[in-house]
2 protein chains.
Amino acid sequence: MAVSMYAIAVPTFQKQLTALDAILDKATEYAAAKKIDISVLLAARLYPDMFNLTRQVQLATDFAKAAPARLAGTPVPSFPDTETTMPEIKQRIAKTLALLADVKPEQLNGSETKQLTVNVGGKEVTLTGQDYLLHVSFPNFYFHCATAYDILRHNGLEIGKRDFVRG
Amino acid sequence: MAVSMYAIAVPTFQKQLTALDAILDKATEYAAAKKIDISVLLAARLYPDMFNLTRQVQLATDFAKAAPARLAGTPVPSFPDTETTMPEIKQRIAKTLALLADVKPEQLNGSETKQLTVNVGGKEVTLTGQDYLLHVSFPNFYFHCATAYDILRHNGLEIGKRDFVRG
């Protein structure tokens, strides 16, 4: 009569990262067709002090890999932020999807009431696993996925919400 | 040992719409300080064929009001899309928050397995309440909230992720 933490978390990250990966493929094709250096898109941003596309993807994967680990009480896998090419950021998504595929539903059982201390907007807060997942991890994750989409759309990539929401 | 549909849905919409409302207040102050006609920000968009800020807020509230109604099996409240001013779109958020405050947790009990038919990217799909909430409603809702943020950030509003993710 309710939804498990695994079912809330893992398919959400999997579906959205898969969608993001497909959007990056469209960006690659678009750059090739328009003779745009792909590094221009990877470095694109919506305002000078906002993160660029590469960093948006890095952060989306960071939230996706951190949540199951924090909820399961296992170490958060660390990825060095060294990607500079499209194959490299796609590889980072693939590595995150591989980690998500290894999460066992039972590892997250009961994590909804577990107390976690995490950094929210620069300050440490202690909250339940449920609040962390729904009100810290999800809005951060979706923010970076949507901003990656918005950066590409702003740069002329012809994508629509169907590329972002795949049901 | 799991999370209720109410607890997944309602606080998510409430927190994010409250954050969006506060961002719109900052936009109003910014426009006044910079002598920008607020209607310029309301009509701003990231690409000529993307929705403008007003429409992003309308759509965010649409997903927030539709989900609890669909899950509860009650009619989806209809708002005419007639807002043209900042007070009007803030009023739409307030009306949505009032609807969310009226949702009773027990109205959503068992909705995770209910079969719903909804429009996803222009086609009718039938899916469970859980999949609808997590994989249609949430990505759409967050997409429009994040894009509203991105439009304002792109137009120089000094906001940070702390305005979007409030924990």
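The model is predicted.

The buried residues of H4(A) are A:Met86, A:Ile89, A:Arg92, A:Ile93, A:Thr96 and A:Leu100. They cover an arc of only 125 degrees around the axis, which puts them on the same side of H4(A). An α-helix has 3.6 residues a turn, so residues three or four places apart point the same way. What do the buried residues of H4(A) pack against? Their partners are three helices of chain A, namely H1 (5-34), H2 (38-42) and H3 (53-72). On the face of H4(A) turned away from the buried side are the exposed residues A:Pro87, A:Ala101 and A:Asp102.

The next topic is the interface. The size of an interface is often given as the accessible area lost when the parts come together. Between chain A and chain B the buried area is about 4,000 Å², and carbon and sulfur atoms give 64% of it. Polar terms are also present: the rule finds 13 residue pairs in polar contact across this interface, with both residues at pLDDT 80 or more. Two salt bridges are found across the interface of chain A and chain B. A salt bridge joins the side chains of A:Asp49 and B:Arg153, at 2.8 Å from N to O.

A:His135 lies in helix H5 of chain A. Is A:His135 buried or exposed? A:His135 has a relative accessible area of 5%, under the 20% cut-off, and therefore counts as buried. Not counting residues up to four places away in sequence, A:His135 touches B:Pro11, B:Thr12, B:Lys15, B:Val165 and B:Gly167.

B:Leu108 is found in the loop between helix H4 (86-102) and strand E1 (115-120) of chain B. B:Leu108 is buried, with a relative accessible area of 0%. Leaving aside residues up to four places away in sequence, B:Leu108 touches B:Met5, B:Tyr6, B:Val10, B:Pro68, B:Leu71, B:Ala72 and B:Val103. B:Leu108 and B:Ser4 are 104 residues apart in sequence, while their C-alpha atoms are 8.1 Å apart in space.

B:Gly160 sits in the loop between helix H5 (129-154) and helix H6 (161-164) of chain B. At 27% relative accessibility, B:Gly160 counts as partly exposed, because that class lies between 20% and 50%. B:Gly160 and B:Gln107 are 53 residues apart along the chain, and 36 Å separates their C-alpha atoms.

B:Asp37 belongs to the loop between helix H1 (5-34) and helix H2 (38-42) of chain B. Its relative accessibility is 48%, and B:Asp37 counts as partly exposed. The side chains of B:Asp37 and B:Ser39 are joined by a polar contact of 2.9 Å.

Technical notes:
Residues are numbered from 1 along each chain as its sequence is written. Chains are lettered from A and ligands numbered from 1 in the order in which they are written. This is a predicted model: local features need pLDDT of at least 70, side-chain atom pairs count only at pLDDT 80 or more; totals for chains, interfaces and linings use all residues. Side-chain values use heavy atoms; hydrogens and water are left out. Buried means under 20% relative accessible area, exposed over 50%, partly exposed in between (1.4 Å probe, protein chains only). Helices (H or I, at least four residues) and strands (E, at least two) are DSSP runs, numbered from the N terminus. The arc is that of the directions from the helix axis to the C-beta atoms. Contact means heavy atoms within 4.5 Å. Buried area is the accessible area (1.4 Å probe) that two parts lose on being put together, summed over both. A salt bridge is a side-chain nitrogen of Lys or Arg within 4 Å of a carboxyl oxygen of Asp or Glu. A polar contact is a pair of N or O atoms within 3.5 Å; within protein, one must be able to donate a hydrogen and the other to accept it, and residues adjacent in sequence count only if both atoms are side-chain atoms.
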